Amino acid sequence: SVSNIVPESCLLIVVGLLVGGLIKGVGEKPPILKSDIFFLFLLPPIILDAGYFLPLRQFTENLGTILIFAVVGTLWNAFFLGGLMYAVCQLGGPGLNHIGLLANLLFGSIISAVDPVAVLAVFEEIHINELLHILVFGESLLNDAVTVVLYHLFEEFANFEQVTIIDIILGFLSFFVVSLGGVFVGVIYGVIAAFTSRFTSHIRVIEPLFVFLYSYMAYLSAELFHLSGIMALIASGVVMRPYVEANISHKSHTTIKYFLKMWSSVSETLIFIFLGVSTVAGHHYWNWTFVISTLLFCLIARVLGVLVLTWFINKFRIVKLTPKDQFIIAYGGLRGAIAFSLCYLLDYKHFGMRDMFLTAIITVIFFTVFVQGMTIRPLVDLLAVKKKQETKRSINEEIHTQFLDHLLTGIEDICGHYGHHHWKDKLNRFNKKYVKKCLIAGERSKEPQLIAFYHKMEMKQAIELVESGGIGKIPSAVSTVSIQNINPKTLPVERILPALSKDKEEEIRKILRNNLQKTRQRLRSYNRHTLVADPYEEAWNQMLLRRQKARQLEQKMNNYLTVPAHKLDSPTMSRARIGSDPLAYEPKADSENLPIITIDPASPQSPESMDLMNEEPKGCGGLPPSPEEDEEGLVMRAKEPSSPGTDDVFTPGTGDSPSNQRMLRCLSDPGPRPEPEEGEPFIPKGQ
């Protein structure tokens with residue numbers, strides 16, 4: 001019940017205090033956490049565990065934000081804290097006047113860095129969401145380069161009689177050498193470890209040893225040249241993991257995983273216990289002004305740095321950091337054993353105030369670990385900050401995540417914007433085309449892992465069938481499906497599906513993740529200026545222009561004609577109207593039947609819509625016309641609508657021949673009509 005309230009790191013420090021007090025009470029001298037032991041034996045396992053199992057996707061997506069917090073934030077904390085502490089020392093009385101500017105800047109660089117061990121110990125217990133965890137933890141990992149540079153820089157400047165501008169410029173350039181040099185050393189050892197794992201298929205027992213050996217060599221090589229050992233360890237773990245896991249066996253992978261977890265837990269436990277013991281055993285010099293000022297300025301510098309940097313970062317982020325997130329990032333800036341060990345390394349000859357520095361650092365460590373570490377969990381619950389997703393993502397989520405990655409890569413290609421999806425796709429192609437062939441053994445680098453897994457399962461089933469005596473001899477070309485068809489087994493009514501073990505399920509998940517559909521090869525990027533002209537585009541434009549002109553002409557005719565077209569009438573009215581103008585509408589003596597006038601019902605008011613489209617005689621096919629049809633005279637039928645896809649401007653109709661065009665009549669003006677007072681009735685012809 002106590003561990004639910006108090007973090008494990010706090011309990012371990014309390015245990016260390018009790019053990020140190022007990023040893024001192026007996027009369028013995030308690031052991032002190034020496035810096036060599038800490039940096040050479042206790043810190044590397046924790047950093048290797050963090051780097052080897054680093055959530056690479058979240059880390060790379062937020063790399064810009066992490067770098068700004070780690071580099072700019074740590075520089076701000078160091079110089080802000082060092083400058084204010086120098087002012088406090090100048091105003092603090094005779095006990096602090098002798099502390100110069102360089103000593104205060106060195107103290108600020110030691111105390112400003114967030115400690116990865118303390119962050120891991122606290123944040124893994126509160127189960128904060130992945131974004132906040134990777135931001136704070138990534139900052140604690142990457143600020144090591146800034147801390148190392150500032151520490152060695154101010155330590156050497158303290159020995160100089162005069163610091164010139166050239167020294168400051170060289171110190172600024174040394175930051176790039178230390179950080180990039182550490183990454184370079186880690187990448188080299190990671191590639192060597194991956195290449196070595198190609199040839200360990202016959203000696204599986206020593207496979208985990210190469211991972212630990214090359215990682216530790218990367219750390220030692222970086223520290224040998226005063227490069228960033230933490231960044232070398234992270235780089236080696238990130239680079240070697242995908243290739244090593246493709247080469248080693250499943251048992252070796254399990255061994256590496258649990259051994260690293262166990263090793264880092266032991267180191268973390270020893271570090272916090274030794275912190276408690278060293279607090280009791282060490283020499284202390286308490287100065288209220290210096291200690292309280294250090295604690296207060298640490299909190300102020302952290303809050304101001306996070307607020308200003310987040311305001312700048314949110315201008316470029318799609319997912320903004322909310323005020324709750326900013327509070328957790330500022331509140332999670334824990335200090336730990338790295339600051340204590342760096343201060344313990346200082347030389348008494350040049351830094352006579354080392355004991356006072358150690359006392360202030362231990363006070364800050366205890367405040368951040370106990371007060372902030374104990375209250376961060378209730379604050380997370382109170383603010384309703386999003387927690388970490390406990391369950392693993394389903395295959396459906398994995399597929400959609402990769403689908404969105406491919407989609408965003410394609411969108412970036414089309415837009416010509418080279419974002420991180422574009423470069424990630426480039427890196428994946430280069431990795432698949434060149435690197436995998438060199439670092440992964442056998443057919444795994446060539447054929448998809450899913451197919452290899454299928455062949456492996458098929459072979460395993462075939463061997464089991466042979467061993468069970470089901471079939472005496474199996475042809476090599478016959479698959480297990482054919483084997484089961486040859487020798488079918490009687491299945492029970494309720495078929496029980498075999499339960500998959502967790503290891504097998506994890507292996508299947510991993511295979512499906514690695515073998516989802518990849519994006520196709522991008523041929524060339526293009527934009528609107530380099531598009532190839534469509535050969536049919538000109539013809540379409542001409543056709544559209546003609547249609548537009550025809551519609552405009554039709555609208556003009558509608559405006560000019562004031563006499564509306566007559567509606568469809570009965571046969572009697574039609575014969576009466578034709579009888580009023582016998583010269584125009586009387587059929588010839590030799591004609592057997594009358595033409596058929598088709599009317600477009602789409603626009604009955606327009607005179608152009610009436611057209612003799614079908615002028616076949618009613619007695620077509622050699623049949624004489626019926627008396628009913630003969631009496632009907634001129635028959636007016638609605639025009640059938642054109643089929644979709646045909647162009648009524650270009651497609652010739654049935655009435656477009658010259659002989660038919662001669663018979664076109666405009667029915668909007670049927671000719672002169674007798675007035676009612678003339679007394680001439682509308683008598684149809686023939687009656």
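1. S236 is in contact (heavy atoms within 4.5 Å) with G186, G190, S215 and A218, leaving aside its neighbours within four places in sequence. S236 is found in helix α10 (residues 229–247), helices being DSSP runs of H or I with at least four residues, numbered from the N terminus. S236 counts as buried because its relative accessibility is 0%; buried means under 20% relative accessible area, exposed over 50%, partly exposed in between, with a 1.4 Å probe and protein chains only.

2. This is a predicted model, in which local features need pLDDT of at least 70 and side-chain atom pairs count only at pLDDT 80 or more, while totals for chains, interfaces and linings use all residues. Residues are numbered from 1 along each chain as its sequence is written, and side-chain values use heavy atoms, with hydrogens and water left out.

3. Not counting residues up to four places away in sequence, I110 touches Y151, A339, L342, C343, L346 and I361.

4. I110 is also one of the α5 residues that meet α15: A103, F107, I110 and I111 in α5 face F357, A360, I361 and V364 in α15. By class, this contact has eight nonpolar, no polar and no charged residues, where Ala, Val, Leu, Ile, Met, Phe, Trp, Tyr, Cys and Pro count as nonpolar, Asp, Glu, Lys and Arg as charged, and the others, Gly among them, as polar.

Notes. Helices (H or I, at least four residues) and strands (E, at least two) are DSSP runs, numbered from the N terminus.
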